[in-house]
Amino acid sequence: MRYLRSGPRRLHTQEMGVPRAKTVGLRSGEIADRNIRVILEAIRRHGPLTRTELGRHSGLTGPGITNILRRLADEKLVTSNRRTGLGGGATATEFALRPEGAFSVGVKLRQRRGEMVLIDLSGQVHDRVYFALDPADKVKLVHAAVRDMVDRHGALPIIGLGIAANDWTEDESDAIAAMSSIARPYVENECTAGLLAERTIGSATRDRGLAMIIIDDDVQAGFLIRGIPYSGVHGRAGSIGEMLTGPDNVQLNTVVGFGSLRSRIGDEGFARLLKGEEVPSPSLSQWIREAAGHLLDPIIAMAGFLAPSVVMIGGDLPQGVIEVLIHQLSIERRDTATRPLLTPWISPMKPASFSGGGVALGAALLPFLNTLLLPPASA
């Protein structure tokens, strides 16, 4: 398979730090690659589509669409069949995504554990593994896990590797690339990866604001603004775990993070909970009440400053626990004993669409978004 180049990126005045003289143009090859991505994205989101329908979605001309479809068929990324008109009338050729035309590996990394998924072009998960990590030997352990996944599916066209981690470095990417037969990994932080999963294959709309809260050893937040991830200066946006929250003014991580939950229900109960087993415990209920009381402060701040259309909450907690936490948040927001004013402007809250907050899934989407599909900034 011949892989497409990464999508073009226009530099704006704020990014360059100099007065804007003129718009940076696109070379012909970049325009061609972007048009291919536009067609493939339209088929992925709305297909099967005829040439006429593709023209309406993309604004491209008939001959241009025909050439792109021929190329995508040669790459085995789309397939075609005949669509019969109403009442058995005239037929037309329609084009659909061929999910098995490309695969990608995504890795979610925490301090002591990792999750890896193999997905196809539609985002369907074909394999998932969990593995232990040692911070002193992280790169070798990640490489070994990726190599095992690739070897196990050696017949598939795996186009790349994505990593979601908050402390992964450029040197570690260089080391992985030197060891691996897969190209240098694409890297994003955990919340951004989860947001990309929601935006690309989840329930989130492409053009509206979205906030994501990930609960793990620490508590993080991420933001989609008009469909584009926002990371802030030095990628620090969303470090809500360091906020002082609640009437007792304590750090959010110490109340909502997994350390607090583990200390409440014990190591055995915590392990059972993460496996999805039911853990009836007054201590778990108490943790949920305290977590909601402290988590509401950053949610109010998000609503006031960003007003996202929805706040999603995800992580490795079972969905049932997240749903109870969201219900408790709705109770807390109406409690005027703690907060003298009601807060009707808070955005709706709901669980993330995917397990683990979709972080590993979003990591696996990174190679697609950098080679085949439209990246967020182009949508």
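Modeller: Sorted by class, the residues lining the second largest pocket are 10 nonpolar, 13 polar and nine charged. The model is predicted, and what follows should be read with that in mind. The space in the second largest pocket comes to about 710 Å³. Its lining is made up of 32 residues, and those closest to the centre of the pocket are A165, N166, D167, D218 and Q220. Three elements each contribute two or more residues to this lining: β8 (186-188), α7 (190-201) and β10 (219-225). The largest share is that of β10, which supplies four residues.

Two packed helices are described by the angle between their axes and the distance between the axes. For α7 and helix α12 (residues 359-371), the axes come within 7 Å and cross at roughly 70°. An angle of 65 to 115 degrees counts as roughly perpendicular, so α7 is roughly perpendicular to α12. On the α7 side the contact is made by E190, A193, G194, L196, A197, T200 and I201, and on the α12 side by V359, L361, G362, A363, L365, L366 and L369. By class, this contact of α7 with α12 holds 10 nonpolar residues, three polar and one charged.

As for the chain around these parts, it has 12 helices and 15 strands. It runs to 379 residues, of which 48% count as buried. When contacts between residues at least 6 apart in sequence are taken, 64% of them join residues at least 24 apart.

Helix α9 (residues 258-274) contains F270. The relative accessibility of F270 is 7%, which is under the 20% limit, so F270 counts as buried. Apart from neighbours within four places in sequence, the list of residues in contact with F270 reads F258, L261, R262 and I265. From F270 to L284 there are 14 residues in sequence, and their C-alpha atoms are 9.6 Å apart.

D297 belongs to helix α10 (residues 282-305). With a relative accessible area of 23%, D297 is partly exposed. A separation of 52 residues along the chain lies between D297 and T245, yet their C-alpha atoms are separated by 6.2 Å.

P48 sits in the loop between α2 (28-46) and β1 (49-50), and the peptide bond from G47 to P48 is cis, with omega near 0°. N249 is not a glycine but has a positive phi of about 60°. This residue, N249, is placed in the loop between β12 (244-245) and β13 (250-251). N249 has 48% relative accessibility and therefore counts as partly exposed. A307, also not a glycine, has a positive phi of about 50°. The loop that holds A307 runs between α10 and β14 (311-315). A307 has a relative accessible area of 53%, over the 50% limit, and so it is exposed.

Terms used. Residues are numbered from 1 along each chain as its sequence is written. This is a predicted model: local features need pLDDT of at least 70, side-chain atom pairs count only at pLDDT 80 or more; totals for chains, interfaces and linings use all residues. Side-chain values use heavy atoms; hydrogens and water are left out. On a 1 Å grid over the protein atoms alone, a cavity is a set of points where a 1.4 Å probe fits but cannot get out, and a pocket is an open set with protein on both sides within 12 Å along at least five of seven lines; lining residues have an atom within 4 Å of a point. Grid points are joined across faces, edges and corners, and a volume is the space filled by probe spheres set on the points. Ala, Val, Leu, Ile, Met, Phe, Trp, Tyr, Cys and Pro count as nonpolar, Asp, Glu, Lys and Arg as charged, and the others, Gly among them, as polar. Axes are lines fitted to C-alpha atoms, for helices over the stretch in contact, and angles run from 0 to 180 degrees between N-to-C directions. Angles under 35 degrees count as roughly parallel, over 145 as roughly antiparallel, 65 to 115 as roughly perpendicular and the rest as oblique. Contact means heavy atoms within 4.5 Å. Buried means under 20% relative accessible area, exposed over 50%, partly exposed in between (1.4 Å probe, protein chains only).
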